[in-house]
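Please look through the sequence and the structure shown here before reading on. The report then goes from single chains to the places where parts meet.

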Amino acid sequence: MKNFLNYTILALLLFIMLSPVVWLLVLSIKPESAIVSDPLKPFNPTLEHYLSLFKIYKFDTVTLTSAIIALIVLAITIPVSSLAAYGLSRFPFKGSKLFLLLILFCRMIVPAIIILPMYGFFSALGLKGSIWPIVFGHLSWTLPFAILILQSFCEEMPKEMEEAARLDGLSEWGILWKIAFPLMAPGITVIGVVTFNTSWNEFLFAASFSTAYLKTGPVAISSMIAEWTIAWGPLASSGIYWSIPIIIVAILFNRRLIRAFTLRYYG
Amino acid sequence: MKKRTGILMTMPAIALILFLFVYPLFFNFYYSFFFYNLYTSPEPIFIGITNYVSVLNSSIFFNALRNTVFFTLASVTFEFMLGFILSLLLSKLRSNIIMGIISALCLLPWSMSEVVEGIIGQFLFSPRVGVINAITRLLFNVEFPWLTDSSLALWSIIFVDTWKLTPFFVLIDLSAILSIPRDPMDAMNVDGASQLQQIRYLIIPYMLPVFAISTIIRGIDAFTRIFGIVYIMTGGGPGIATDVIPLEIFNLGLRVFNWGMATTWGAITFLFSIILLIGYIYMNRRQWL
């Protein structure tokens, strides 16, 4: 009896958790007229909204832009953060603790205050309207997070193998490359996944620095909501379309991601 | 030698952090003392603390601050409580397969974009296509102006955010509950303790550090990063009823191009971040001091 009650509450809560996504999915295959007339009426499913994403809303270019930005952000975040995390945990120097504290502080800053300095800097360089302000905006989210996680990951990594290699005469950089990085691989994978997700989904910097010709996915989605009219069907299909890579990543890496939650996340 | 290696390895990170955070801080403080509007005066004019005086005298600032704080407190409270209850129920299942599936499902809303979250909010609450109004119409023949009523709009946003981020707490709490040693639990069972007593005297005390860290992390993120969901669902409206600090900085800087004012907001919110940091260090003082 007690079990039955537990299961009922659980099922109810799960229904609440899942139904919005299911609802989005249903709307994305519903003809526009049926969406507006009565949300609960039955209908003939259609794929027109998904096709219009590419025909009208240029989601091919948008996807490419977002993918390029995410790849550049990954290519900077992973080497920089894993090097720093290893250096900070194995060779602490004067001020290294202060630097960690500064990174912690970076996570508590309101990101919106970075917009104008970046805008000013990249305008002065003549790079306004390029992907670079967006890339650096994304780095301001991913980098502090990655360094903090990987640093605590390194702290928990056994040091014996590195010491043995040192005795065998391997250089510090050799140790880093041949021993430390392979040991750090699970942590780096998690960082990679979270970094990709962050860049793919990020909206604040993308909205600040996008132009009519340069749009990431979230910006393209938000521009479907105009002042007076909203394209409901394409809006729903774009939400589903944009979440597909994220869902695939979540399924592929779900065990590692969930395990990462049990790590001490923030220092 | 060893020390140089450490600095060398950290150098790229230090350079990027200086560029991404320290330069912006100076930028914000510097221009907060200027009248600097890109439309009306391309050259900044030094005006001392006038910007600060006008921000601290404006109801817009305190309205945005109140909304941001209220959103943070309400959403984190709901997410925390729901997350704990859900993970307690889940931990009772004792079936790895079901638990695995549910954990994977939990990752779903958590990893979706805040923009998609905002769209879902629109589809739930908007007057024409919203499913919640469709249901209330069907059952009670009434409609609610969820997104256009100044007292309901913020609650709608909190509801959607609670939906998205409760899984964050479920994942953290669930792994903590499952790591509680079995022996005291069994002993309590033998002594005939009720489920509520077990929760009260064993699980909650054990979970206190996890509660602290998860609510602080989530609270900081909610306070500093609320943007997309408000932008998509209400745009800060109706009027300024759901205006929040990041949204207002965005609007001041990139809509009206009043950079002097935007940087003043930035400088003031920076002081909040210092308070957050001091609180955080105090809570973890054993590790940092």
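## Terms and numbering

Helices are DSSP runs of H or I with at least four residues, strands are DSSP runs of E with at least two, and they are numbered from the N terminus. This is a predicted model, in which local features need pLDDT of at least 70 and side-chain atom pairs count only at pLDDT 80 or more, while totals for chains, interfaces and linings use all residues. Residues are numbered from 1 along each chain as its sequence is written, and chains are lettered from A and ligands numbered from 1 in the order in which they are written.

## Two loop residues

B:Phe257 sits in the loop that joins α11 (245-254) to α12 (259-283) of chain B, and its phi is positive, about 55 degrees, although B:Phe257 is not a glycine. B:Phe257 is partly exposed, since 15 other C-beta atoms lie within 10 Å; a residue counts as buried with 20 or more other C-beta atoms within 10 Å of its own, as exposed with 12 or fewer, and as partly exposed in between, the C-beta atoms being placed from the backbone.

In chain A, A:Lys58 lies in the loop between α3 (48-55) and α4 (59-90). A:Lys58 also has a positive phi, near 55 degrees, in a residue other than glycine, and A:Lys58 is partly exposed, with 15 other C-beta atoms within 10 Å.

## Chain A and its domains

Chain A has 13 helices and zero strands, and its C-alpha atoms fill a box of roughly 75 × 65 × 30 Å along the principal axes. Of the 267 residues in chain A, 46% are buried.

The domain assignment, which is automatic or taken from a database, divides chain A into domain 1 (1-46) and domain 2 (50-262). The centres of these two domains of chain A, taken over C-alpha atoms, are 32 Å apart. Eight residues of domain 1 of chain A are in contact with six residues of domain 2 of chain A, where contact means that the C-beta atoms of two residues, placed from the backbone, lie within 7 Å. On the domain 1 side of this contact, α1(A) gives the most, with four residues.

## The nonpolar core

A nonpolar core is a set of buried Ala, Val, Leu, Ile, Met, Phe, Trp, Tyr and Cys residues joined through C-beta atoms within 7 Å. Among the 144 residues of the largest nonpolar core, A:Ile147, B:Ile157 and B:Val230 touch the most other members. Domain 1 (1-46) and domain 2 (50-262) of chain A both give residues to this core, so the core lies between them.

Which residues does A:Ile147 contact, leaving aside its neighbours within four places in sequence? They are A:Ser81, A:Ala84, A:Ala85, A:Ile103 and B:Ala13.

## Where the chains meet

In the contact of the two chains, 72 residues of chain B meet 78 residues of chain A. Helix α1 (residues 2-31) of chain B gives the most to the chain B side, with 18 residues. By class, that side has 50 nonpolar, 16 polar and six charged residues; Ala, Val, Leu, Ile, Met, Phe, Trp, Tyr, Cys and Pro count as nonpolar, Asp, Glu, Lys and Arg as charged, and the others, Gly among them, as polar.
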